[in-house]
Each structure stands twice: as C-alpha cells, then as structure tokens.
Amino acid sequence: MMISLCCIKSVFAQSPQVNNENRIRPYKANPRYWQYMGKPILLLGGSKDDNLFQIPDLKQHLQEMKNCGANYIRNTMSDRPDFGFEVYPFKKLENGKYDLNQWNNEYWRRFKTMLQLTYEMGIIVQIEVWDRFDYSMKNWELHPYNPQNNTNYTCEQSGLDISYPDHPGLNKQPFFFTTPLQRNNKTVLQYQEKFVRKMLRHSLPYPNVLYCIDNETSGEEAWAVYWTKFIKEEAKKAGVDVFVTEMWDDWDLQAPRHRRTIDHPELYDFLDISQNNHQKGQTHWDKFQWVWNYISKQPRPINTVKTYGADTGRYGTTRDGIERWWRHLIGGAAAVRFHRPTSGLGLTQPAIASIKAARKLESFVKMWELTPSNHLLTNREENEAYLAASPQNKYAIYFPYGGSVSINVNAEKSNYSINWINIQTGEFVKSEKLLSDESGFLHVSAPEKGHWVAAIIKQN
C-alpha cells in the first residue's frame with residue numbers, strides 16, 4: 001500500500017512549518033557536530049526507557065530532561081511488552097489475531113504525541129526503526145508479525161516460523177532477510193514497508209528527528225542499505241532532508257562490520273558508535289579516536305545514543321558509565337546519552353549531574369570549537385586526563401579520578417583562567433588564575449579526587 005504525495009502534504013499542513021534548512025543537520029561550520037534551527041547544538045541525553053513514546057508519563061519525563069539540560073532522546077519503535085503499558089501498531093480483531101492491514105490508532109497517537117512534545121521542547125529524537133529483540137525469543141511468540149498471530153499469512157506463505165528461541169545476535173530470524181537483494185520475501189516485505197511509510201508519514205514533517213535503521217544489529221549489509229535508501233526516497237518525495245545511520249553490534253569499532261557505515265558517507269550521514277561503550281578506560285578513548293581520525297577527510301557527526309554502565313547492570317559500573325559519557329564528549333562526539341536502567345544511568349541523579357556539568361562547561365567553551373588534543377598533555381598516567389583544545393587557546397579537560405597534568409599551550413608566561421565544575425554534583429565550584437611556565441606549559445591539578453571537568457581560557 002503506497003502513501004500518496006498529496007497525503008504526505010496533507011500531514012505536513014497539520015505539522016510544524018519549518019524551513020528545510022532549519023531541520024537537524026550537520027553543522028555547516030563544523031560537520032562533526034549538529035545544527036538545529038540554523039544554530040550549532042550539542043546533544044546530551046539520559047532517559048528511563050528507550051521506546052519513550054510508549055511510556056504513560058511522557059510529558060513529565062521530557063520536562064525533567066529539559067529542566068536539567070538534556071535535549072536528546074532515543075526512541076525505538078519497539079512494542080515488546082516489557083512493562084505492560086506497551087501496545088502494538090496493528091489492530092487486534094475479536095478473534096484475538098491481528099490484521100496487518102489495519103492500524104492500532106493508540107500506538108500511532110502515542111508516537112505523534114512524542115514527536116509534538118519533543119518539537120515543542122527543543123529535544124532531538126533519534127528513531128531506531130527496527131529492534132532485533134522484538135522479533136526473537138519470548139517477544140516473537142506474541143508479536144503480530146508471527147504467522148500464528150495474524151490473519152494475513154501462514155508460516156508456509158511467509159517463510160517465518162512461530163518460534164525463534166535463539167539470541168537475535170545470531171541473526172537467524174528471516175524477518176531481517178526480506179529485501180530484494182536478500183531473500184526477496186515480498187509477502188512480509190510489503191507489511192514492513194507499510195509500517196515504515198506510516199512511521200515516516202508522522203515523523204517526516206518534524207524537523208527534530210534523526211533515523212537509525214537498527215538497534216545493535218549483526219544483520220546483513222543489504223538490509224541496512226535497503227531501508228536507508230527507502231527512508232531517503234520517502235523523504236525526497238516529501239521535499240525534506242533526512243539524516244540516517246546504522247548501529248552495528250561489534251564492540252570493537254575497528255571490526256570490519258563498522259566499515260559498512262564508516263566507509264560510506266554518501267549513504268550514511270552520521271555514525272552511531274554506541275557499542276564502543278563496552279570498552280573501558282584508555283581503550284575506550286583510543287577506539288573512539290581511531291574513528292574520529294579515520295573520517296577526517298569527510299567528517300560527520302558521531303553519536304553515542306547508548307552509554308552503558310551502572311551498578312545495577314551487567315555492562316560496567318556507575319563510574320564506568322560516567323567516564324564513558326565524558327570521554328566521548330571531550331573526544332569529539334556530537335551526541336552523548338546515558339542508556340536506560342538497568343544497563344545505564346538513564347536520568348538518575350548521577351546522569352542529571354553530568355548533564356548539568358556539561359551545560360556549565362558549554363557556558364565557557366563550545367565543544368564544536370574544540371578538537372580532541374591529548375597529544376598536548378604531558379606527565380599524564382593512563383586514563384588520568386582527557387583534553388580538547390582550540391586554536392583560540394580554549395581548553396576543556398576531564399579528570400576521571402582527579403590528578404595533575406601539564407598542557408603544552410606553547411605560550412610562555414601567559415595568564416589563563418581555569419573554571420572548575422564538579423561532575424558528581426553538576427555544580428560550578430571555583431575559578432582560578434594560572435600562569436604558563438617558561439617552557440610554554442600550563443600545570444593543572446584537579447581540586448580533589450573524583451570526576452572533574454574544567455574550562456581553561458587564555459586571558460588577553
């Protein structure tokens with residue numbers, strides 16, 4: 001079923017009227033970062049769930065984000081019944097089965113509400129179209145696409161079984177092999193396309209939306225390419241620009257699978273390297289910097305929509321989560337977000353403090369004016385400090401555990417102000433005056449142990 005151009009225009013007429021150039025897009029002056037409404041923007045986030053459009057207290061939660069300075073959410077189109085309030089996108093019939101040709105209006109009402117509220121609050125939405133965990137194990141048993149749960153096709157017609165008990169990382173689910181250059185499963189693909197068109201009919205009019213094809217996929221390249229081109233073609237029909245990426249499952253950013261996006265800027269407009277957040281310490285920084293440097297000839301924004309690490313989860317401690325978030329921020333990421341509990345800090349107090357601290361740092365220095373510059377540090381131990389710098393003698397330095405380092409500022413006996421922010425409280429603490437030595441080095445010591453960030457600015 002095709003959505004006509006006049007139908008798309010009708011939706012646009014009822015939606016925000018925003019000049020195409022004012023939509024979220026790479027910043028013209030520095031394409032490693034984003035701009036929105038024509039101005040550069042740093043994306044910071046943390047939230048308690050991933051498919052936020054489904055949560056019953058959405059408006060309140062978005063307001064909590066805005067209050068602490070967060071402006072970036074992850075929104076999977078997921079419908080798996082984790083908490084009981086989630087609904088599916090398709091209509092359930094009296095016989096208990098779903099009709100994939102009819103919509104559940106409540107699902108789409110929730111989605112549109114999320115788009116409208118985030119637009120009004122100036123929050124950027126990163127949509128993930130497909131989440132592999134919806135289509136395997138216990139979630140598949142209930143899902144409308146499962147042949148036993150709909151009136152539209154059988155197992156024989158669709159090539160889908162009623163059970164896929166293996167972890168989705170093994171990529172055994174034929175649902176992700178339907179496109180023409182894979183198994184060309186037209187029976188299922190027609191409903192997948194219908195779903196994505198419906199999603200785009202709602203989302204394309206909104207200027208605050210980015211698109212990611214999958215959640216941490218280990219799928220075939222052809223699947224990602226198909227849906228990326230599909231979304232871009234639908235956007236072209238609607239007369240708007242969209243920016244799309246894919247998120248791969250490999251924890252090592254230098255793994256071959258990541259090259260599918262890294263090496264194709266003509267197709268993927270930004271990168272999401274969230275899986276780097278399984279790394280720790282210096283390795284975490286080094287892997288990210290490898291990507292940052294690799295794309296230098298055609299720089300693009302690098303997002304990390306899932307920062308793992310919380311004492312409640314399996315993927316590192318609360319300290320790991322805070323360190324990872326800050327290393328990416330100082331290291332040149334355009335967007336950083338804490339993953340939802342229990343695997344991340346969500347919008348808990350430590351996350352709120354980091355977001356507030358980052359906004360205070362931004363009041364002194366703009367990250368899109370800096371570049372990662374650890375090569376300027378001396379007397380540094382592994383994982384002791386991380387630095388970003390600008391030619392205008394502005395610096396942002398992060399200490400995970402406190403410590404002391406020297407910065408090569410190449411200016412002997414010059415005056416600098418250093419403005420300390422306590423990441424654990426999110427509060428500005430103090431300003432100090434520093435003088436570089438005769439060798440052109442500035443010696444910096446954190447006020448005490450713990451997470452600290454500081455803005456350093458040369459005085460005229």
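**A ring pair and its surroundings**

W325 and F338 are both buried, in a model that is predicted. A pair of aromatic rings is described by the distance of the centres and the angle of the planes. For W325 and F338 the ring centres lie 4.9 Å apart and the planes meet at 5°, so the pair counts as stacked, the cut-off for that class being under 30 degrees. W325 belongs to helix α10, which covers residues 318–330, whereas F338 sits in strand β13, residues 335–338, so that the pair links parts of the chain that are 13 residues apart. The count of aromatic pairs in the protein comes to 42.

T342 itself lies in the loop between β13 and α11, the latter spanning 349–362.

N184, a residue other than glycine, has a positive phi near 50°, and its place is in the loop that runs between α5 (155–158) and α6 (186–203). E216, also a residue other than glycine, has a positive phi near 35°, and this residue is found in the loop between β9 (209–214) and α7 (221–238). Are these two residues buried or exposed, or something in between? N184 has a relative accessibility of 35% and therefore counts as partly exposed, since that class lies between 20% and 50%. E216, with a relative accessible area of 9%, is buried, because the value falls under 20%.

Seen as a whole, the protein has 11 helices and 22 strands. Its radius of gyration is 23 Å, close to the 23 Å that the globule rule gives for 460 residues, so the protein is as compact as a globular protein of that length. Taken along the principal axes, the C-alpha atoms fill a box of roughly 80 × 45 × 40 Å.

Of the 460 residues, 61% count as buried, and among the contacts with a separation of 6 or more, 71% come from residues 24 or more positions apart. The protein exposes about 18200 Å², of which carbon and sulfur atoms supply 48%. As for charge, there are 55 positive and 50 negative side chains, and the centres of the two sets lie 5 Å apart.

How values were computed. Residues numbered from 1 in each chain as written. Predicted model: local features only at pLDDT ≥ 70, side-chain atom pairs only at ≥ 80, totals over all residues. Heavy atoms only, no water. Helix = DSSP H or I, 4+ residues; strand = E, 2+ residues; numbered from the N terminus. Rg over C-alpha atoms; globule rule 2.2 N^0.38 Å. Buried < 20%, exposed > 50% of the residue type's maximum accessible area, 1.4 Å probe, protein only. Contact = heavy atoms within 4.5 Å. Areas by Shrake-Rupley, 256 points an atom, 1.4 Å probe, with all protein chains shown as cover. Lys, Arg positive; Asp, Glu negative; His and termini not counted. Charge placed at Lys NZ, Arg CZ, Asp CG, Glu CD. Phe/Tyr/Trp six-rings, centres within 6.5 Å; stacked < 30°, edge-to-face > 60°.
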